[in-house]
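Colleague: Could you take a close look at the aromatic rings for me? I'd like to hear how they pair up, and then how that part sits in the chain as a whole.

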Amino acid sequence: MTNKRPDWEFKDRDVIILRELGRDPQLSARELTTVLKEEYDIDVSHVTVSKSIRDMRSAGVFREAIIPNEDYFTFSLMEFKFNPENFADHWRETMEFLRDSQYTLFYFLSDGEYQWKAVMMFPSREVQSRWLHDFYKDHGKMVHNVRSSVMTNVLKFGTEPQLFDHLKEDADD
């Protein structure tokens, strides 16, 4: 994953495609072509729509991830405080362990009280408990404290389509 903003000039069509995919990620290029024509009076071929999607994906404008229904997994927010005494010698192996764990959905740093945080998904509470035990055993010297919060009721999971509108506005500035 890169922290660099993609070099992409948004056309109105691109923003609409992102909005519509945000509304329904399963739309085919042919279906998107119909939506563009009927709802936005944009007449393009499904080949052009497909190429736009491919090019935006390739440029890093959006990422795709398969996220299973939350009823199949236990989602957790893990927060890790550093142990500064061991940071220099152990930060990389700890960071790579977290980043590369099969249970890590996404992993990030937060400001304020500088911490690593990860949203994780486990197939069961038992697997989560075992993972946490092994993490402490193998990387405990790197962390002062690990907070684990189980997300018991995921009430919303998705991107609102209108959120993409600012992309075109930013390009116009």
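Predicted model: local features only at pLDDT ≥ 70, side-chain atom pairs only at ≥ 80, totals over all residues.

Modeller: Counting ring centres that lie within 6.5 Å as a pair, you get 12 aromatic pairs. Take Y107 and W116 as one of them: their ring centres are 6.1 Å apart and the planes make an angle of 70°. An angle over 60 degrees counts as edge-to-face, so that's the label for Y107 and W116. Y107 is buried, and W116 is buried too. Then there's a cluster of rings, made up of F80, F97, Y103, F122, W131, F135 and Y136.

Now for the chain around those rings. It has six helices and four strands, and starting at the N terminus the order is α-α-α-β-α-β-β-α-β-α. Of the contacts between residues at least 6 apart in sequence, 65% link residues at least 24 apart. Along the principal axes, the C-alpha atoms take up a box of roughly 60 × 35 × 25 Å.

On burial, 35% of the 173 residues count as buried, with Y107 and W116 among them.

Notes:
Residues numbered from 1 in each chain as written. Heavy atoms only, no water. Helix = DSSP H or I, 4+ residues; strand = E, 2+ residues; numbered from the N terminus. Buried < 20%, exposed > 50% of the residue type's maximum accessible area, 1.4 Å probe, protein only. Contact = heavy atoms within 4.5 Å. Phe/Tyr/Trp six-rings, centres within 6.5 Å; stacked < 30°, edge-to-face > 60°.
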